Amino acid sequence: MVKGKDALLWDDKGNTYIDAISSWWVSIHGHGNPYIAQKIYEQALRLEHVIFTGFTHEPAVILVERLLPLLPGTFSRIFYSDNGSTAVEVAIKMAVQYWKNVRTTGVDNQRSRKKILALHNSYHGDTFGSMSISERSVFTAAFQDYLFEPIFIDAPNAENIGRLQDLLRRQGEEIACFIYEPLLQGAGGMCVYEAAALDQLLEAAKEQGILCIADEVMTGFGRTGKLFAGDYLRQRADIICLSKGLTGGTLAMGVTAATEKVFDAFLSDDRRKTLFHGHSFTANPLACTAALASLDLLQEEGSESRLRRINEQHTAFAGKLKQYPIVRNVRILGTVIAFEISIGDDGYINPAGLDLTQRALEKGVYLRPLGNTVYIMPPYCITEKEMDQVYTFLVQYIEGKIVTR
Ligand SMILES: Cc1ncc(COP(=O)(O)O)c(C=O)c1O
């Protein structure tokens with residue numbers, strides 16, 4: 001690829017493609033946004049990078065000040081890192097060390113809490129910690145012997161919530177933290193689950209003092225129709241992980257925000273209580289500036305109506321999909337639509353995904369299904385016409401599959 005503008009990508013032969021998955025869910029404002037580019041350029045002339053220990057800088061401070069009031073909860077501190085996996089890695093380390101730190105100060109006389117609760121079908125990243133708390137799959141198989149084992153539970157729903165609450169009552173005091181992708185599990189298969197049941201589970205976790213970690217790396221910044229998926233929930237997380245749309249998909253950055261309660265467990269003259277974690281590019285000023293510019297765009301007038309329009313188009317498309325028995329389980333959350341095509345076995349290694357990607361490219365559309373789970377997750381600037389082109393391609397693909405079956 002040699003160029004990008006809004007929802008379009010150009011390859012080196014001059015062909016264009018509609019980026020219908022926002023380049024792995026990051027480019028929320030599309031490509032080549034001149035406003036973000038200008039802000040990055042100006043910051044690059046001022047201060048492109050500086051070590052972020054002992055020093056601070058304006059873009060990092062302003063980003064904290066602007067981001068904190070927007071987050072779904074009472075977060076008061078931000079830890080910067082490089083990407084979604086590291087945002088999660090930091091969150092787990094915070095939660096684990098939180099329990100060590102509070103035990104040694106005697107603030108909390110609970111038993112040692114070593115277990116981590118995670119959801120089946122989850123995906124939290126590709127580093128060892130984030131792989132450990134992700135569903136075991138082809139992504140993790142080669143590393144299985146090196147992963148630690150969390151307690152995996154099914155995503156909560158009206159049927160299983162009673163059982164899950166019981167489990168927390170029985171084992172809650174051993175559990176350090178619960179990590180979840182709120183409402184939409186992305187790489188695990190675009191699984192949508194119920195806000196009401198998640199609220200009940202979070203409530204039960206909080207009753208047991210379990211730290212709740214919302215992984216909003218994918219769901220953050222408007223993706224689910226609200227600014228954060230947590231905005232659909234009554235219960236608040238103690239820690240939240242952000243990345244992807246954070247910088248409008250322009251530069252790599254991760255954020256792990258925590259409440260004052262979590263922060264307080266580390267605030268000490270005893271240096272052993274320090275969260276020893278840092279990356280060379282922590283709080284890179286260019287990335288912070290890009291994030292501020294992205295927030296400007298998200299908060300400008302018309303932004304919400306763009307998200308709504310995408311959602312309405314998805315809803316109309318879902319209606320059309322009903323006529324194809326080969327299409328199963330159509331779900332929509334905000335700007336995301338997903339469904340399964342019944343070709344072969346469900347799962348990531350189903351070759352239908354690769355086939356669909358190839359056919360889509362031939363029609364000027366970029367899609368990248370998870371096996372036979374097809375989804376659209378477009379940049380918010382995508383036009384109605386471009387959306388229609390994506391839908392038209394999908395209808396042709398599905399009809400082609402019905403004929404050739
Ligand atoms: C929910 C979630 N968490 C974490 C990650 C990992 O982010 P990154 O690819 O930036 O390391 C992803 C990536 O897809 C994700 O969807």
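Which residue caps the N-terminal end of H9? Asparagine 284 does, with a side-chain oxygen 3.1 Å from the backbone nitrogen of leucine 286. Please keep in mind that this is a predicted model, in which local features need pLDDT of at least 70, side-chain atom pairs count only at pLDDT 80 or more, and totals for chains, interfaces and linings use all residues. Residues are numbered from 1 along each chain as its sequence is written, and side-chain values use heavy atoms, leaving out hydrogens and water.

- The names come from DSSP runs numbered from the N terminus: helices (H or I) have at least four residues and strands (E) at least two.
- H9 has 15 residues and spans 21 Å from its first C-alpha to its last, close to the expected 21 Å; that expectation is 1.5 Å times one less than the number of residues.
- Of the 15 residues of H9, 13 are buried, so the helix is mostly covered; buried means under 20% relative accessible area, exposed over 50%, and partly exposed in between, with a 1.4 Å probe and protein chains only.
- Helix H3 (residues 58-67) packs with H9 (residues 285-299) at an angle of about 35°, and their axes are 8 Å apart. Axes here are lines fitted to C-alpha atoms, for helices over the stretch in contact, and angles run from 0 to 180 degrees between N-to-C directions.
- H3 and H9 cross in a left-handed way, a term used if the near helix is turned anticlockwise from the far one by less than a right angle, while clockwise is right-handed.
- On the H3 side the contact (heavy atoms within 4.5 Å) includes Pro59, Ile62 and Leu63, and on the H9 side Cys288, Leu292 and Leu295 are among the residues taking part.
- The residues of this H3 and H9 contact divide into 10 nonpolar, 2 polar and 2 charged. Nonpolar covers Ala, Val, Leu, Ile, Met, Phe, Trp, Tyr, Cys and Pro, charged covers Asp, Glu, Lys and Arg, and the others, Gly among them, count as polar.
- Alanine 283 sits in the loop between helix H8 (260-264) and H9. Its phi is positive, about 55°, although it is not a glycine, and at 0% relative accessibility alanine 283 counts as buried.

**Helix H7 and the stretch after it**

- Helix H7 (residues 195-207) has 13 residues and reaches 18 Å from first C-alpha to last, close to the 18 Å expected.
- Its buried residues are Ala197, Leu198, Asp199, Leu201, Leu202, Ala204 and Ala205. These buried residues of H7 pack against strand E6 (151-153), helix H6 (161-171), strand E7 (175-180) and strand E10 (211-215).
- Just after H7, glycine 209 takes a positive phi of about 75°.
- Further along, phenylalanine 221 lies in the loop between E10 and strand E11 (239-242). Phenylalanine 221 has a positive phi near 65° without being a glycine, and it counts as buried because its relative accessibility is 2%.

**Tryptophan 99 in helix H4**

- Tryptophan 99 belongs to helix H4 (residues 84-105) and counts as buried, at 5% relative accessibility.
- The side chain of tryptophan 99 reaches the backbone oxygen of alanine 176 at 2.9 Å.
- Along the chain, tryptophan 99 and valine 262 are 163 residues apart, yet their C-alpha atoms are separated by 9.6 Å.

- Threonine 373 is part of strand E16 (residues 373-376) and counts as buried because its relative accessibility is 7%.
- A polar contact of 2.8 Å joins the side chains of threonine 373 and glutamate 340. Such a contact is a pair of N or O atoms within 3.5 Å; within protein, one must be able to donate a hydrogen and the other to accept it, and residues adjacent in sequence count only if both atoms are side-chain atoms.
- Proline 378 is in the loop between E16 and helix H12 (384-404), and it is buried, with a relative accessible area of 0%.
- Leaving aside neighbours within four places in sequence, proline 378 is in contact with residues including Asp19, Arg223, His314 and Met387.
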